[in-house]
Amino acid sequence: MSEYTGDVTLNGGIETPVRMSGLEDMYVQPDSIDGDLDLRNVEYVFTGVPITPAADVADPVTDITGTLEDGYTEPDGVHGDLAVGTAEDVFIAHGAVDGALSARGPEQVFDAGTSDAPSRDPATYDVTVSGWQQQREVTDPNTGVVLSGCQSTVNVTGATGSVSCYLIGTNNELIVRGNASVEVHIVGRDNRVDLGPYIDVDTAVETGFDNTIDVQPFPADDLIETSEDEAYSAVTFGRAKVTYQSVAEDEDWCRGCGEAADAIIERQQKEAFFILGTPIITYEEGGGSYECEHCAHSAPDTSLTPEERREIF
């Protein structure tokens with residue numbers, strides 16, 4: 001029997017079968033146990049792995065006890081079977097256990113079944129962050145991020161293409177900025193994913209409760225090529241027609257393409273007599289042509305067509 005104090009991490013250098021008793025929480029990362037996992041008398045189980053019939057775990061060769069806090073299994077961390085007893089929360093990622101997973105006497109199980117499989121193997125992700133109150137900055141990820149533990153924050157910038165994110169645990173925050181399609185998987189509770197306005201959520205799978213995925217709205221100002229002030233300032237003196245775009249207030253759907261949208265702009269035109277960029281006399285003005293984040297990129301020319309002018313005036 002081995003006496004430990006504090007957190008315990010299984011990283012491949014321990015004889016199996018292993019038994020751990022008296023943990024607070026347990027975090028089981030992807031590809032970390034190549035045998036069975038047997039949970040006994042734990043409170044809550046959050047799992048991306050289907051619960052199976054009772055695992056047949058032999059008497060332990062290594063028995064870990066003491067004044068334990070949290071337990072962690074790293075990828076390729078347990079070469080054999082693991083038994084866990086008297087823990088509070090246990091978080092198990094998809095693909096974490098090669099063998100059987102049994103949970104005997106839990107208060108509640110949150111089981112994703114087979115639906116939580118990520119599109120790419122988390123073992124190929126760029127970064128794995130594990131522990132309590134960890135802070136990490138990740139720039140230009142190629143594949144993805146695994147965040148495992150409690151009260152940790154990972155800030156991802158420069159995301160492009162397709163990126164996967166896997167959160168395992170509780171009270172973690174993942175912030176992603178860039179221009180990318182992000183696949184999100186969560187096993188746990190009270191986690192938050194904050195995605196920037198140029199991020200598309202490809203797949204969002206949640207096993208647990210009170211997790212949130214927030215996507216910031218697309219900024220309407222980014223669609224404006226020429227503002228009203230810019231259009232006016234281009235005219236020094238005389239009569240002129242100017243075209244500009246402005247944010248369409250209180251619009252929930254785009255009249256141009258019919259899509260529900262966060263950012264909607266209206267193209268407008270004014271014919272006036274200008275002095276030093278200020279319209280002194282207005283002859284004609286109007287608007288009515290709308291664009292949003294869905295259709296503006298396909299029609300970047302914001303000038304009004306002759307047909308639009310006739311419709312407006």
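This is a dialogue about how to read some features of a predicted model.

Trainee: Where do I start? What does the secondary structure of the protein chain come to?

Mentor: Start with the overall build, and keep in mind that this is a predicted model. The protein chain has two helices and 21 strands. Its radius of gyration is 28 Å, well over the 20 Å that the globule rule gives for 313 residues, so the chain is more spread out than a compact globule.

Trainee: What box do the C-alpha atoms of the protein chain fill?

Mentor: Taken along the principal axes, the box is roughly 95 × 30 × 30 Å. Now try a pair of residues. L68 and K241 are 173 residues apart in sequence, and their C-alpha atoms are 75 Å apart in space. L68 sits in strand β6, residues 62-73.

Trainee: Is L68 buried or exposed?

Mentor: Check the relative accessible area. Buried means under 20%, and exposed means over 50%. L68 has 6%, so it is buried. Across the 313 residues of the protein chain, 47% count as buried.

Trainee: How far apart in space are W253 and E291?

Mentor: Their C-alpha atoms are 9.8 Å apart, while 38 residues separate W253 and E291 in sequence. W253 belongs to the loop between β19 (237-247) and β20 (264-275). With a relative accessible area of 48%, W253 is partly exposed.

Trainee: Next, salt bridges. How many does the structure hold?

Mentor: Look for a side-chain nitrogen of Lys or Arg within 4 Å of a carboxyl oxygen of Asp or Glu. The structure holds 13 salt bridges. One of them pairs D38 with R104, with the closest N and O atoms 3.2 Å apart. D38 is in strand β4 (residues 37-40) and R104 is in strand β9, so the pair ties together parts that are 66 residues apart in sequence.

Trainee: Is D38 buried or exposed?

Mentor: D38 is buried, at 1% relative accessible area.

Trainee: Which residue forms a salt bridge with E271?

Mentor: R239 does, and the closest N and O atoms are 2.9 Å apart. E271 lies in strand β20 and R239 in strand β19, so this bridge ties together parts that are 32 residues apart in sequence. E271 counts as buried, at 12% relative accessibility. R239 is exposed, at 52%.

Trainee: Which residues do salt bridges with shared partners join into one network?

Mentor: The network joins E173, R177, R192, D194 and D214. D214 is in strand β18 (residues 212-215) and R192 in strand β16 (residues 192-195), so the pair ties together parts that are 22 residues apart in sequence. D214 counts as partly exposed at 33% relative accessibility. R192 is partly exposed too, at 29%.

Trainee: On to the surface. Which residues gather in a patch of negative charge?

Mentor: The negative patch gathers D7, E24, E43, E69, E88 and E107 on the surface. Follow E107. E107 is in the loop between β9 (101-104) and β10 (108-111). At 55% relative accessibility, E107 counts as exposed.

Trainee: Which residues make the nonpolar surface patch?

Mentor: F237, I275, L276, I280, I281 and Y283 make the nonpolar patch, which covers about 630 Å². Strand β21 (residues 278-292) gives the most to this patch, with three residues. Y283 lies in strand β21. Y283 is partly exposed, with a relative accessible area of 35%.

Trainee: Last topic: backbone angles. What is phi of L276?

Mentor: Most residues other than glycine have a negative phi, and most peptide bonds are trans. Phi of L276 is near 55 degrees, a positive value in a residue other than glycine. L276 is in the loop between β20 and β21. L276 counts as exposed, at 71% relative accessibility.

Trainee: And Q133, where is it found?

Mentor: Q133 is in the loop between β11 (127-132) and β12 (135-139). Q133 is not a glycine, yet it has a positive phi of about 55 degrees. Q133 is partly exposed, at 41% relative accessible area.

Trainee: Which residues does a cis peptide bond join?

Mentor: T16 and P17, with omega at about 0 degrees. P17 is in the loop between β1 (2-10) and β2 (18-21).

How values were computed: Residues are numbered from 1 along each chain as its sequence is written. This is a predicted model: local features need pLDDT of at least 70, side-chain atom pairs count only at pLDDT 80 or more; totals for chains, interfaces and linings use all residues. Side-chain values use heavy atoms; hydrogens and water are left out. Patches are made of residues with over 30% relative accessible area and no salt bridge: like charges are joined within 9 Å, nonpolar side chains (Val, Leu, Ile, Met, Phe, Trp, Tyr) within 5 Å. Accessible areas come from the Shrake-Rupley method with a 1.4 Å probe; for residues, only the protein chains shown count as cover. Lys and Arg count as positive and Asp and Glu as negative; His and the chain ends are not counted. The place of a charge is taken as NZ of Lys, CZ of Arg, CG of Asp or CD of Glu. Helices (H or I, at least four residues) and strands (E, at least two) are DSSP runs, numbered from the N terminus. Buried means under 20% relative accessible area, exposed over 50%, partly exposed in between (1.4 Å probe, protein chains only). The radius of gyration is taken over C-alpha atoms; the globule rule is 2.2 Å times the number of residues to the power 0.38.
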